[in-house]
Amino acid sequence: MRQLIGALLIPLGIIFIYRAILPKEKNPKDKYEASHRIETFFGGLFLASAGILLLIGW
């Protein structure tokens with residue numbers, strides 16, 4: 001079961017990282033856009049690393 005959860009977390013983390021890096025239209029009214037992208041990137045990094053650790057059984 002742990003490996004299954006790990007295998008599901010890795011693609012989810014990759015999707016978060018991809019969405020953070022993907023260029024999108026700039027919204028001049030959103031002054032926190034860079035902060036949200038950094039949070040999304042590190043959240044994806046956390047999910048992917050947790051998935052890898054669960055997958056290898058650590």
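The tour begins with the whole chain, then visits each helix and a few side chains.

This is a predicted model, in which local features need pLDDT of at least 70 and side-chain atom pairs count only at pLDDT 80 or more, while totals for chains, interfaces and linings use all residues. Residues are numbered from 1 along each chain as its sequence is written, and side-chain values use heavy atoms, with hydrogens and water left out.

**Whole chain.** Show the chain as a cartoon, and you will find 2 helices and 0 strands, where helices (H or I, at least four residues) and strands (E, at least two) are DSSP runs numbered from the N terminus. The protein is more spread out than a compact globule, because its radius of gyration is 14 Å, well over the 10 Å that the globule rule gives for 58 residues; this radius is taken over C-alpha atoms, and the rule is 2.2 Å times the number of residues to the power 0.38. Along its principal axes, the C-alpha trace spans about 45 × 15 × 15 Å. Of the 58 residues, 21% count as buried, a word that means under 20% relative accessible area, whereas exposed means over 50% and partly exposed lies in between (1.4 Å probe, protein chains only).

**Helix α1.** Next select residues 2-21, which form helix α1. This helix has 20 residues and reaches 29 Å from its first C-alpha to its last, close to the 28 Å expected at 1.5 Å a residue, the expected span being 1.5 Å times one less than the number of residues. Now colour G6, L9, I10, G13, I17 and A20, which are buried in α1. They cover an arc of only 115 degrees around the axis, which puts them on the same side of α1; the arc is that of the directions from the helix axis to the C-beta atoms. What covers these buried residues includes α2, as judged by contact, meaning heavy atoms within 4.5 Å.

**Helix α2.** Select residues 33-56, which make up helix α2. Its 24 residues should span 34 Å at 1.5 Å a residue, and its end C-alpha atoms are 35 Å apart, which agrees. The buried residues here are E33, R37, G44, L47, A48 and G51, and what covers them includes α1. Just after α2, look at G57, which takes a positive phi of about 85 degrees.

E33 is buried, with a relative accessible area of 14%, and, leaving aside its neighbours within four places in sequence, E33 is in contact with K24, E25, K26 and N27.

**The aromatic pair.** A search of the whole structure finds 1 aromatic pair. Select F41 and F42, whose ring centres are 5.4 Å apart with planes at 80 degrees, so the pair is edge-to-face; rings of Phe, Tyr and Trp (its six-membered ring) pair if their centres lie within 6.5 Å, with planes under 30 degrees apart counted as stacked, over 60 as edge-to-face and the rest as tilted. F41 counts as partly exposed, at 25% relative accessibility.
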